[in-house]
Amino acid sequence: MTSADGTSPEPAALPASDSSGTAPLTSAQRVSAVLRRAVATGLVGEDQPVAGFLDTDGIRASVTSLHAAFAHAPEVLHTFAVKAASLTPVLRLLAGLGMGCEVASPGELRIALDAGVAPSRIVLDSPAKTRQEISEALALGVAVNADNLGELRRIDALRPAGSTSVVGLRVNPQVGGGSIGAMSTATATSKFGVALRDPGARDRVVRAFADRPWLTRLHAHVGSQGCPPALIAEGVAETYRLAEEINRTLGTRQITSLDIGGGLPVNFDGDETRPTFAAHTRMLGAAVPGLFDGRYALVTEFGRSLLAKNGFIGARVEYVKEAGGRRIAVTHAGAQTATRTVLMPDAWPLRIGAFDAGGDPRTGAPLCQDIAGPCCFAGDVVAHGRELPELEEGDLVVLYDTGAYYFSTPWAYNSLPRPAVHGFTTGRSGSVRLTTVRAAQTLDEIAAESGLAHVDALVSLARPPGD
Ligand SMILES: *Cc1c(COP(=O)(O)O)cnc(C)c1O
């Protein structure tokens, strides 16, 4: 089976406390209901050993809480950082909920447009934009945040008269990093933005604005997972002060909007959403008292905090074995879909759930197990020495909180296919509906991507005659 029919509800399966409205479902209960439906319809199991699942109700609720947290700001464009879930149906859902897109490549721009997002609601942010990418964005009316002064000079040459694109400049407030170096964009030596505290940088930035009346936005994305919200707020405060300084110096309110980036971290060790968007805006408001008074329109670019807790990976246990006294469950969820967790296990731990082959939670006594993946390298383990009910062949493991940056961002290692992604909704009576967001990659697609069209290219490559 390749797609869910999504029509016949599963029999009541959720706890009675849900239908009486007294206790919200835990993620394990909701996940179990979805897994049982997915197993029954062939979306996960022997033939489809790994798949991603997205909670559409949860996504709607997350977007609602984002909007509510910024409701007191007169003008805000909330964009979704497309790299967090580069799936066209997700972008279409988000667009319908009033969100734009933050894109960082021609591919991301393309899928945002395919999803029906208006160019005026798209922000282009990559640090390595080519002249062609810049020209296309400016022709479409997509907002462009220049990463550096060299890029601004390119924009000088490429910007068509009457361009409707908002153009901004990304700055690096250099407020420091968080607990994950690779996620920290505001360190002293970060590759992103104009490093604001470097000697002479502030003056150069002021001059860049003075020379370009069409440069009307400042942008800062201080960091992602591992960056404390207080550090993000400090970076936004620095950016706000710079905007005020520039406008004061120029004697006009040339900067009309601030793009404050995304980066709100996600709690990967429990069901609770922490920190909330509301807590974040309270912290921003405390750090930057004028931020929400309407003097600047705002743009946000959240990714992980909107999607992570609204998705999970389900994967079949193909074998269980022992090695050196360690119990190992060999599953189909490894580095091809949980790349960061496998390659940087200390920075990206995930909660794992144990379910039987039918999708019901396993309840046995905890046993110390490694949860390994299918890739052919020894480190392909998504959880080391985890206490979980004993897993058996055919069981399902769940990788929680993987709705952002996991199944949507696969790694082609071992020519493993991109897993399918399914969206779900759960009714209060326990019914589950599923729909396909992306089909699993086929062997024909893998063959095509592996150069099948050029199969003889190397054997027929002859040395230049006479050389
Ligand atoms: C990745 C990124 C984001 C989104 O970060 P999250 O941590 O997913 O919220 C926003 N803006 C820029 C420029 C980014 O590179």
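**Residues around the ligand in the predicted model.** Lys 83, Ser 224, Gly 263, Glu 301 and Tyr 405 come nearest among the 14 residues around the ligand (a residue is near if one of its heavy atoms lies within 4 Å of the molecule). This is a predicted model, in which local features need pLDDT of at least 70 and side-chain atom pairs count only at pLDDT 80 or more, while totals for chains, interfaces and linings use all residues. Residues are numbered from 1 along each chain as its sequence is written, and side-chain values use heavy atoms, with hydrogens and water left out.

**Polar atoms facing the ligand.** A nitrogen atom of the ligand lies 2.7 Å from a polar side-chain atom of Glu 301. Tyr 405 places a polar side-chain atom 2.6 Å from an oxygen atom of the ligand. For Arg 304, a polar backbone atom is 2.8 Å from an oxygen atom of the ligand. On its own the ligand has 390 Å² of accessible area, of which the protein covers 94% (Shrake-Rupley method, 1.4 Å probe).

The whole structure contains zero disulfides (pairs of cysteine sulfur atoms within 2.5 Å). Cys 101 counts as buried because its relative accessibility is 2%, whereas Cys 368, at 31%, counts as partly exposed (buried is under 20% relative accessible area, exposed over 50%, partly exposed in between; 1.4 Å probe, protein chains only).

Methods: Polar contact = N/O pair within 3.5 Å; in protein donor to acceptor, adjacent residues only side chain to side chain.
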